[in-house]
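Student: I've never looked at this structure before. Could you walk me through how to read a few of its features?

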Amino acid sequence: MTPSIQANHANQPKRTSQAAIDALQQRFGKQLSTNMTVREQHGHTMTWLANQPPDAVLTVKNKQEVSEAVKICHQYDMPVIAFGIGSSLEGHLNAPHGGLCIDMHQMDEILQVNNEDLTVTVQPGVTREQLNHYLRDTGLFFPIDPGANASIGGMVATRASGTNAVRYGTMKDVVLSLEVVMADGEIIRTGSRAKKSAAGYDLTRLFIGSEGTLGIVTEITLKLFGIPETTGSGICHFPSIEDACGAVMTTIQMCLPIARIELLDSLQIKACNQYANLELQETPTLFVEFHGTKNGVNEQAELFADIIAEFGGSDFHWDTNEAERKRLWTARHNAYHAACALKPNSSALSTDACVPISRLAECVSATAKDIAKTGMMGPIVGHVGDGNFHVLLLVDKNNPDEVQKAEGIIGRLAERAIAMDGTCTGEHGIGQGKQKYMPKEHGNALAVMQAIKSALDPKNIMNPSKIW
């Protein structure tokens, strides 16, 4: 725990009255829990930020229950925090003022699939793996893949992206409309299933990435995509991070329709080898995937091979075999756990940044050198096709020197990315952990965001003390 984090987020005044708890108990009975263990589980955060549990946890089954609960909280000025799966990386789910956590995991119905329109409507508790399992016989799939089996509602809240973003975009690109419970309990719909609209403000994208500070999403309508005829996955190694990033930049600039292009530095490859009993060359490595027809995938792979040859890429091999592809991407998706195993008694602090693709090599290289200079252990992985990369710092929280070094690395990375006309977070979100970088990134536009928050949530009950 760092002093600055404690100062910002500990000992916040509680805003929950017993009258509010009693009203919720009377309406929802056993659906409401005030058990401390349950509360701490829902103050969960996958960082070293202190756990700040809510005063009560309500497990809901439908949008009417969400609406009724929010109306009670609005009446008593009680904070409300929505909870999906719990994979928060920046303290989004903490309750610094106490309040009610609304657990959405039982709202997990897939409501409507429209094969002809390539759309699906789901409740927020549906996970991405659950959705794709359901769709497997339709010839369609949902492409956004942040790695974790996140809930769709949580992915909306944090504007998630992931390994497929380079070809299919992020959540802001695949959400057509939302149903949202507002701060007073009213339910609104932000759009329709039409692929475009010129009617009024784009409320859908206002709520995407709002981290539960403007309302609680209860239904999501998504775009779907056809499962490609052929999928090929491959791997190649490079002499340096600069060479790997150079190959990525050229690939994107040549408009090669690559589906995934992931960077793992040499330390991360070492971690994957140890964790999954692999024998990969421990140098900066790109994992890639091609989607299309059989001939199209072959052509993409040939063009990619020509590109990487210019940057010293070696041992490029790819395969359309399903088992081999799963083995490759399982290693990539297990990168977090593999990295944690490098230093078992440490705490893992995951951070991310995103820059224009032309500045990627510079930003990643400078960050790697910064980590090396401090003597810290911090593997780097990245969805580098869209300029986004992650650092997982392994820190002994009981060592003040390591804590100070880790904070320095994170701060310098955020400021470096912003200075390169990028952002302090490409997909993790702000939550509590990155609030201090918001003024530098947004300037006076931050006041516009705060005005929107005040207009839609004048009592400041929706996930308060987040984002700023």
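Predicted model: local features only at pLDDT ≥ 70, side-chain atom pairs only at ≥ 80, totals over all residues.

Student: What volume does the second largest cavity have?

Tutor: About 40 Å³.

Student: Which residues line the second largest cavity?

Tutor: Look for Leu 278, Leu 280, Phe 287, Arg 327, Leu 328 and Ala 331. Helix α13, residues 322-333, gives the largest share of that lining, with three residues.

Student: Okay, on to sheets. How do strands of a sheet pair?

Tutor: In general, strands pair through backbone hydrogen bonds, and the pairing is either parallel or antiparallel. Here you can find an open sheet of five strands in the order β5-β6-β10-β8-β9, and its pairing is antiparallel.

Student: Which are the edge strands?

Tutor: They're β5 (110-114) and β9 (187-189), since each of them pairs on one side only. From one strand to the next, the twist averages 10 degrees.

Student: Over how many bridges do β8 and β10 pair?

Tutor: Six. Strand β8 covers residues 175-181, strand β10 covers residues 216-223, and the two run in the antiparallel sense.

Student: Which helix lies across β5, β6 and β10?

Tutor: That's helix α5, residues 128-135. Follow its direction and you'll see that α5 runs at about 45 degrees to β5.

Student: Where is Asp 77 found?

Tutor: In the loop between α4 (63-75) and β3 (80-83). Asp 77 counts as partly exposed because its relative accessibility is 34%, and that class sits between the cut-offs of under 20% for buried and over 50% for exposed.

Student: And what is phi of Arg 159 near?

Tutor: Near 55 degrees, a positive value in a residue other than glycine. Arg 159 lies in the loop between α6 (152-157) and α7 (165-168).

Student: Why does Arg 159 count as partly exposed?

Tutor: Because its relative accessibility is 37%.

Note on methods. Residues numbered from 1 in each chain as written. Heavy atoms only, no water. 1 Å grid on protein atoms, 1.4 Å probe; cavity = no way out; pocket = protein on both sides within 12 Å on 5 of 7 lines; lining within 4 Å. Points joined across faces, edges and corners; volume = space filled by probe spheres on them. Helix = DSSP H or I, 4+ residues; strand = E, 2+ residues; numbered from the N terminus. Pairing = 2+ DSSP bridges. Axes fitted to C-alpha atoms, helices over the stretch in contact; angles between N-to-C directions. Contact = heavy atoms within 4.5 Å. Buried < 20%, exposed > 50% of the residue type's maximum accessible area, 1.4 Å probe, protein only.
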